[in-house]
Amino acid sequence: DLSGRLAAITAPALVIAGAHDQMVPARQTQLLFGGLPNARYAVIDSGHAVPQERPAQLFQLINEFVTDPAASPAGRIREALFV
């Protein structure tokens, strides 16, 4: 359990969840997001296999984030992305 150490991670982070993920419940990804002080949270309309189910949306989120992490403030939540 690393939850007590998350607050020490200050690098910008992007937590991505699958809206219909049955392997990693939303509660788990939300706890990770809440424990990282400089995190953003996004939900993609997919199950657990986000890269295979929604590659375009995943690429879009990651590309926007790595291009300019400061463009999206810490604590931001993006709801399910659909294509």
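Here are some notes on the predicted model above, point by point.

1. Ground rules. Since this is a predicted model, local features need pLDDT of at least 70 and side-chain atom pairs count only at pLDDT 80 or more, while totals for chains, interfaces and linings use all residues. Residues are numbered from 1 along each chain as its sequence is written, and side-chain values use heavy atoms, with hydrogens and water left out.

2. The largest pocket comes out at about 160 Å³. A pocket here is an open set of points on a 1 Å grid over the protein atoms alone, where a 1.4 Å probe fits, with protein on both sides within 12 Å along at least five of seven lines. The volume is the space filled by probe spheres set on the points, and grid points are joined across faces, edges and corners.

3. Its lining. Lining residues have an atom within 4 Å of a point; among them are Leu14, Tyr41, Glu64, Phe65, Asp68, Arg76 and Arg78. β2 (39-44) and α3 (55-67) each put in at least two lining residues; helices (H or I, at least four residues) and strands (E, at least two) are DSSP runs, numbered from the N terminus. By class, the lining splits into 6 nonpolar, 1 polar and 5 charged residues.

4. The aromatic pair. The structure has 1 aromatic pair. Phe33 and Tyr41 have ring centres 5.2 Å apart and planes at 40 degrees, so the pair is tilted. The cut-offs: rings of Phe, Tyr and Trp (its six-membered ring) pair if their centres lie within 6.5 Å, with planes under 30 degrees apart called stacked, over 60 edge-to-face and the rest tilted. Phe33 is buried at 14% relative accessible area, and Tyr41 is buried at 6%. Buried means under 20%, exposed over 50% and partly exposed in between (1.4 Å probe, protein chains only).

5. Contact means heavy atoms within 4.5 Å.

6. Pro37. This one is in the loop between α1 and β2 and is partly exposed at 47%. Again skipping residues up to four places away in sequence, Pro37 touches Leu6, Ala7, Ile9 and Ala74. Its C-alpha is 8.5 Å from that of Ala11, 26 residues apart along the chain.

7. Other loop and end positions. Met23, in the loop between β1 and α1 (26-35), is exposed at 63%; Met23 and His48 are 25 residues apart in sequence and 6.4 Å apart, C-alpha to C-alpha. Ala49 lies in the loop between β2 and α2 (50-53) and is partly exposed at 27%. Thr10, in the segment before β1, is exposed at 57%, and its C-alpha is separated by 13 Å from that of Ala70.

Notes. Nonpolar A, V, L, I, M, F, W, Y, C, P; charged D, E, K, R; others polar.
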